[in-house]
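I opened a notebook for this structure. These are my entries, in the order I looked things up.

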Amino acid sequence: MLEMPEAVTIARQMQETLTGKTILHFARGSLTHKFLWLSKPAEEYETILSGKQVTGASSFGRSIYLFVGEAQLLWFGELGGRILYHPQEQPLPSKYHLRWDFADASAMTFTLQMWGFVSLLERSELHKQPHAEVGIPPLSVGFTLEHFDQLLEEYPEKTKKGIKGFLVTSQHVNGIGNSYLQDILFRAKIHPTRKIPTLTSNERQRLHAAIQDTMAQAIKLGGREDERDLFDHPGGYHRLMSSQMVGSPCPNCGTIIQKISYLGGACYLCPTCQV
Ligand SMILES: [Zn+2]
């Protein structure tokens, strides 16, 4: 899934590469997907988008916004998959779910993995959508240790779901998914099943710092190695804790890295360092 560092990278590349291009045509590809949601029928996307100019792009947490004309935007959200740019005369992939052709003969395709949505909205409608711009993205000015502490206190499920639930599935912090979570918890030396009321102030501080450090490093490196940017290049961020580490020694203490299933996904951790 695309998490904040990938969203920041792709939005920046869209802004630099697509701004000023005129959309000639929108189409669905030969692939269909049960878990790709559009906000209106594809024919309406074609009608609304054709002839409009891309006017910019930005991101908010895990969401990417591509601005079209004066009043519309495409909102790419909760996405797993590839958003790829294809310069003039470069062949398109044989299979994809959505395609935008530009007047200069370049194109963009989207191929979904898992699930996600690509909504076409009036810009003025965005704030009325459920889940739009909720929570606070790490690295934003307001994401201070004090604010983070306050969010932890206010999390209604804090005694049940623990820290993974708070960071990944609650809407308090917007930008972290199950992949960066592993590295954040490893850096903070916290076990994914820890319940929030048991975290000491020192641990909360380590967690806040690990979130900021991990996100900042990954953004600087263009996202993580197992995702692709707009130009189909892998990111430069190498994950510390992933499926590839299972059975290998912890880089800090040598204990064998474990995999556990928790809250609908796998967690990779060092049982000695992370308590
Ligand atoms: Zn260890």
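**Aromatic pairs**

I began with Phe143, which counts as buried at 2% relative accessibility. For this I used these cut-offs: buried is under 20% relative accessible area, exposed is over 50%, and partly exposed is in between, with a 1.4 Å probe and protein chains only. This is a predicted model, where local features need pLDDT of at least 70, side-chain atom pairs count only at pLDDT 80 or more, and totals for chains, interfaces and linings use all residues. Residues are numbered from 1 along each chain as its sequence is written, and side-chain values use heavy atoms, with hydrogens and water left out.

I then looked up the total and found 12 aromatic pairs in the structure. Rings of Phe, Tyr and Trp (its six-membered ring) pair if their centres lie within 6.5 Å; planes under 30 degrees apart are stacked, over 60 edge-to-face, and the rest tilted.

Trp75 and Phe117 make an edge-to-face pair, 4.7 Å centre to centre with 85 degrees between the planes. This pair links distant parts of the chain: Trp75 is in strand β5 and Phe117 in strand β9 (residues 116-122), 42 residues apart. Helices (H or I, at least four residues) and strands (E, at least two) are DSSP runs, numbered from the N terminus. Trp75 is buried at 3% relative accessibility, and Phe117 is buried at 17%.

Phe143 pairs with Phe148, also edge-to-face, at 5.6 Å centre to centre and 65 degrees between the planes. Phe148 is buried, at 0% relative accessibility. I also noted one aromatic cluster, formed by Phe26, Tyr45, Phe76, Trp100 and Phe110.

**Zinc site**

Which protein atoms are the donors of the zinc ion? I found the SG atoms of Cys250, Cys253, Cys270 and Cys273, 2.2 to 2.4 Å from the ion. Donors are N, O and S atoms within 2.8 Å of the metal (3.2 Å for Na, K and Ca); water is not among the atoms, so sites may look incomplete. Along the chain the donors follow the spacing C-x2-C-x16-C-x2-C. Cys253 lies in the loop between α6 (201-220) and β10 (258-261), and Cys273 in the segment after β11 (266-269), so this pair ties together parts 20 residues apart in sequence. Cys253 is partly exposed at 36% relative accessibility, whereas Cys273 is buried at 13%.

Gly254 is found in the loop between α6 and β10 too. I noted it as partly exposed, with a relative accessible area of 38%.

**Positive phi**

I looked for phi values that stand out. Most residues other than glycine have a negative phi. Leu139 has a positive phi, near 75 degrees. Leu139 sits in the loop between β9 and α3 (145-154) and is partly exposed, at 37%. Lys189 has a positive phi of about 60 degrees, although it is not a glycine. Lys189 lies in the loop between α5 and α6. At 33% relative accessibility, Lys189 is partly exposed.
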